[in-house]
Amino acid sequence: MLETVNVVLPKDISLKADKGYRSKNNVAILKKRDLKNHILKNVQKNKPLTYWEKKFNALIGKTRFKVERTFGGIKRWFNGGLARCRGMEKMHTQNLMEAMCYNL
């Protein structure tokens, strides 16, 4: 997804994502754009995570938990996973309204 984004992101922003997004290509894109790689470490076959990789996952997980809980609440209470309009601008407005209602 970062390849398609034309917006210039400030340097040293951390990108947090699930283990499924960890790939050599994504790591290279993050390095090229000077973004911090906070994608969770995943276990490889016959190679368990080291102590520091487990520690890293635990630290990143604390932040991700808060964000995922918010999106889960929006999805549950406001049917946030359902598109009620067509077009990117209208969907963006819908997402903003759901976020405002959640914050209230």
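Tutor: A contact is counted where heavy atoms lie within 4.5 Å. On that basis, among contacts in the chain between residues at least 6 apart in sequence, 31% join residues at least 24 apart. The model is predicted, so local features need pLDDT of at least 70 and side-chain atom pairs count only at pLDDT 80 or more, while totals for chains, interfaces and linings use all residues. Residues are numbered from 1 along each chain as its sequence is written, and side-chain values use heavy atoms, with hydrogens and water left out.

The chain has three helices and two strands, in the order β-α-β-α-α from the N terminus. Its radius of gyration is 17 Å, well over the 13 Å that the globule rule gives for 104 residues, so the chain is more spread out than a compact globule. That radius is taken over C-alpha atoms, and the rule is 2.2 Å times the number of residues to the power 0.38. Helices (H or I, at least four residues) and strands (E, at least two) are DSSP runs, numbered from the N terminus. Along the principal axes, the C-alpha atoms fill a box of roughly 45 × 30 × 25 Å.

With a relative accessible area of 5%, Glu 98 is buried. Buried means under 20% relative accessible area, exposed over 50%, and partly exposed in between (1.4 Å probe, protein chains only). Of the 104 residues of the chain, 16% count as buried. Leaving aside neighbours within four places in sequence, Glu 98 is in contact with Ile 74, Phe 78, Asn 79, Gly 80 and Arg 84.

The cysteines may be considered next. The structure holds zero disulfides, a disulfide being a pair of cysteine sulfur atoms within 2.5 Å. Cys 85 is in none, and the nearest cysteine sulfur, that of Cys 101, is 13 Å away. Seen from Cys 101, the closest cysteine sulfur is the one in Cys 85, and at 13 Å it is too far for a bond. Cys 85 is partly exposed, at a relative accessible area of 30%, and Cys 101 is partly exposed at 40%.

In contrast to buried Glu 98, Val 7 is exposed, with 52% relative accessibility. Val 7 is found in the segment before strand S1 (14-17).
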